[in-house]
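Please look over the sequence and the model before reading on. The paragraphs that follow lead through them one part at a time.

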Amino acid sequence: MIYPIVKYGQPILERAAEPVTEFNAELEKLVADMFETMYAARGVGLAAPQIGISKRLCVIDESGGENPSARLVLVNPEIVSTEGEQVQEEGCLSLPDFRANTPRPLRATVRGQDVHGKEITLTGEGLLARAFCHEIDHLNGILFIQRLSRLKRDSIKRRVKKLVKAGEW
Ligand SMILES: [Zn+2]
């Protein structure tokens, strides 16, 4: 099932999500739906709050569906260490058509659980490190525009406001 994606402005995107405590068929179905929703929207990552579900869960696929082994599920993830810095263009399915150069660590190590509740630790570099940080930010109620300068952030907020007024958001 493809969920509608919640856009910037909805309070669920700006509050911390609840830990996942039950690892069952319902969670597996939700993960499958999140992948389907992410691929339909051509994203490389999707966090549960973006489909209106305030749970600490995200899916990532930096291959965009090309490579099955690139499919990652992170449940209750936390960044445990980071290294270096990179600044690349970043976007978000909840802020369609807005992109900005966003600073992120070059490498990031994440600890969490898989869909069955098994403990996992993953290290990503480049785009994957960026995706880890972006999606885990979502679980903490943080959007990428909060990683930008105030000037850039305010400019995006103003443009969104105009779109809202025009009924185009
Ligand atoms: Zn996002």
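In helix α3, the buried residues are Arg153, Ile156 and Val160. Viewed down the axis of α3, these buried residues fall within an arc of 65 degrees, so they line one face of the helix. An α-helix has 3.6 residues a turn, so residues three or four places apart point the same way. The other side of α3 carries exposed residues: Arg150, Leu151, Arg158, Lys161, Lys162 and Lys165. The model discussed here is a predicted one.

Helix α3 covers residues 150–165, which makes 16 residues. From its first C-alpha to its last it reaches 22 Å, close to the 22 Å expected at 1.5 Å a residue. After α3 comes Gly167, with a positive phi near 75 degrees.

**Salt bridges**

How many salt bridges does a search of the whole structure find? The search finds eight. One of them joins Lys29 to Asp33, where the closest N and O atoms are 2.9 Å apart. Both residues belong to helix α1 (residues 25–40) and sit four residues apart, about one turn of the helix.

Another salt bridge brings together the side chains of Glu90 and Arg104, at 2.7 Å from N to O. This pair links distant parts of the chain, with Glu90 in strand β4 and Arg104 in strand β5, 14 residues apart. Glu90 counts as buried at 3% relative accessibility, and Arg104 is buried with a relative accessible area of 3%.

A further bridge is formed by Glu125 with Arg107, whose closest N and O atoms are 3.4 Å apart. Glu125 lies in strand β7 (residues 119–125) and Arg107 in strand β6 (residues 107–113), so the pair ties together parts that are 18 residues apart in sequence. Arg107 counts as partly exposed, at 27% relative accessibility.

Which residues are linked in a network of salt bridges? They are Glu90, Arg104, Arg130, Asp137 and Arg147.

The largest pocket holds about 370 Å³ of space. Its lining is made by 21 residues, and those nearest the centre are Val44, Glu90, Gly91, Cys92 and Arg99. The elements that give two or more residues to this lining are β4 (86–91) and α2 (127–139). Of the elements, α2 gives the most, with six residues. By class, the lining of the largest pocket divides into eight nonpolar, six polar and seven charged residues.

The second largest pocket has a volume of about 170 Å³. It is lined by 13 residues, of which Ile79, Arg104, Cys133, Asp137 and Arg147 lie nearest its centre. Arg104, Asp137 and Arg147 are also among the residues of the salt-bridge network. β3 (72–83), β5 (99–104) and α2 each supply at least two residues of the lining of this second pocket. Which element gives the most to the lining of the second largest pocket? That is β3, with four residues. The lining of the second largest pocket contains six nonpolar, two polar and five charged residues.

Tyr39 belongs to helix α1 and counts as partly exposed, at 24% relative accessibility. The C-alpha atoms of Tyr39 and Gly65 are separated by 6.7 Å, while the two residues are 26 residues apart along the chain.

Most residues other than glycine have a negative phi. Arg42, however, has a positive phi near 60 degrees and is not a glycine. Arg42 is found in the loop between α1 and β1 (45–47). With a relative accessibility of 78%, Arg42 counts as exposed, because the limit for exposed is over 50%.

Asp97 also has a positive phi, of about 75 degrees, although it is not a glycine. Where does Asp97 lie? Asp97 lies in the loop between β4 and β5. Its relative accessible area is 79%, so Asp97 is exposed.

Definitions and conventions:
Residues numbered from 1 in each chain as written. Predicted model: local features only at pLDDT ≥ 70, side-chain atom pairs only at ≥ 80, totals over all residues. Heavy atoms only, no water. Expected span 1.5 Å × (residues − 1). Buried < 20%, exposed > 50% of the residue type's maximum accessible area, 1.4 Å probe, protein only. Arc of directions from axis to C-beta. 1 Å grid on protein atoms, 1.4 Å probe; cavity = no way out; pocket = protein on both sides within 12 Å on 5 of 7 lines; lining within 4 Å. Points joined across faces, edges and corners; volume = space filled by probe spheres on them. Nonpolar A, V, L, I, M, F, W, Y, C, P; charged D, E, K, R; others polar. Salt bridge = Lys/Arg side-chain N within 4 Å of Asp/Glu carboxyl O.
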